[in-house]
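Student: I have a model open and would like to learn how to read it. Can you take me through it feature by feature?

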Amino acid sequence: MSEAAQEIPLEELHAHPERWDEAVALAARGQVITVTGEGRRLAAVVPADQPDLVARLRETIEVLSDSDALHAIVESRASIARGEGPRGEDAIRSLLDGRQ
């Protein structure tokens, strides 16, 4: 598991290009390094041994950008909190049936 993400301001990378070496070294050790500028996150240096990380992030962004999907997630969580919904084998069958 990676350690907490670190942030490096873009201005600092311009002023001290050797900080790129530091960012790459930290990413090689499993950390995600965020490049920031003007109070925003601009980019990230991610570990190469996590090739699915970018794909997972894109999938997360896609779900979070879909208001219907977000609504379904909120409703599902509320249903679970109320103790509703299928359990055990029924839940697995329900999920498998939904994939067909």
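Student: Where do we start?

Tutor: With a caution: this is a predicted model. Then we go to the core.

Student: Which residues make up the largest nonpolar core?

Tutor: Look for buried nonpolar side chains that join up, with atoms within 4.5 Å. Here the largest such core has eight residues: I8, L13, A23, L26, A27, I33, V35 and V45.

Student: Which elements each supply at least two residues of this core?

Tutor: Helix α2, residues 18-28, and strand β2, residues 33-37. The most comes from α2, which gives three residues.

Student: What does A23 touch?

Tutor: Leaving out residues up to four places away in sequence, A23 touches I8, I33 and V45.

Student: Now the strands. How many residues of β2 are buried?

Tutor: Five of its five, so take buried as under 20% relative accessible area.

Student: How do I think about the two faces of a strand?

Tutor: In a regular strand, side chains alternate between the two faces of the sheet. In β2 both faces are covered. I33, V35 and G37 lie on one side, T34 and T36 on the other, and all are buried.

Student: Take one residue from each side. Is T34 buried or exposed?

Tutor: Buried: T34 has a relative accessible area of 9%, and the cut-off is under 20%. T34 lies in β2. Not counting residues up to four places away in sequence, T34 touches Q6, E7, I8, R41, A43 and A44.

Student: And G37, what is its relative accessible area?

Tutor: It is 5%, so G37 is buried too. G37 also lies in β2. With residues up to four places away set aside, G37 touches E11 and L42.

Student: How far is G37 from I8, in sequence and in space?

Tutor: They are 29 residues apart in sequence. In space their C-alpha atoms are 8.7 Å apart.

Student: Which strands pair with β2, and in what sense?

Tutor: Read the direction of each neighbour. Strand β1, residues 6-9, pairs with β2 in the parallel sense, over four bridges. Strand β3, residues 40-45, runs antiparallel to β2, with five bridges joining them.

Student: Which residues stand opposite I33?

Tutor: Q6 stands opposite I33. On the β3 side, V45 stands opposite I33.

Student: What should I check in the hairpin of β2 and β3?

Tutor: Check the backbone angles at the turn. Two residues lie between the strands, and E38 takes a positive phi near 55°.

Student: Now helices. Why does the length of α4 agree with its residue count?

Tutor: Compare the expected span with the distance between the ends. Helix α4, residues 67-81, has 15 residues; at 1.5 Å a residue it should span 21 Å. Its end C-alpha atoms are 21 Å apart, so the two agree.

Student: What caps the N-terminal end of α4?

Tutor: D66 does. One of its side-chain oxygens lies 2.9 Å from the backbone nitrogen of D68.

Student: And what follows α4?

Tutor: G83 follows, with a positive phi near 80°.

Student: Last, charges. How many salt bridges are there?

Tutor: Side chains of opposite charge can pair when their charged atoms come close. A search of the whole structure finds five salt bridges. Let us look at some.

Student: Which side chain meets E12 in a salt bridge?

Tutor: R19 does, at 1.7 Å, N to O. E12 is partly exposed, at 27% relative accessibility. R19 counts as buried, at 18%.

Student: What else does R19 pair with?

Tutor: R19 also forms a salt bridge with E22, with the closest N and O atoms 2.6 Å apart. Both residues lie in α2, three residues apart, which is about one turn of the helix. E22 is partly exposed, with a relative accessible area of 33%. Salt bridges with shared partners join E12, R19 and E22 into one network.

Student: Which side chain pairs with R82?

Tutor: E84: the two side chains meet in a salt bridge at 3.0 Å, N to O. E84 is partly exposed, with a relative accessible area of 40%.

Definitions and conventions
Residues are numbered from 1 along each chain as its sequence is written. This is a predicted model: local features need pLDDT of at least 70, side-chain atom pairs count only at pLDDT 80 or more; totals for chains, interfaces and linings use all residues. Side-chain values use heavy atoms; hydrogens and water are left out. Buried means under 20% relative accessible area, exposed over 50%, partly exposed in between (1.4 Å probe, protein chains only). Contact means heavy atoms within 4.5 Å. The expected span of a helix is 1.5 Å times one less than its number of residues. A polar contact is a pair of N or O atoms within 3.5 Å; within protein, one must be able to donate a hydrogen and the other to accept it, and residues adjacent in sequence count only if both atoms are side-chain atoms. Two strands pair if DSSP finds at least two bridges between them. A salt bridge is a side-chain nitrogen of Lys or Arg within 4 Å of a carboxyl oxygen of Asp or Glu.
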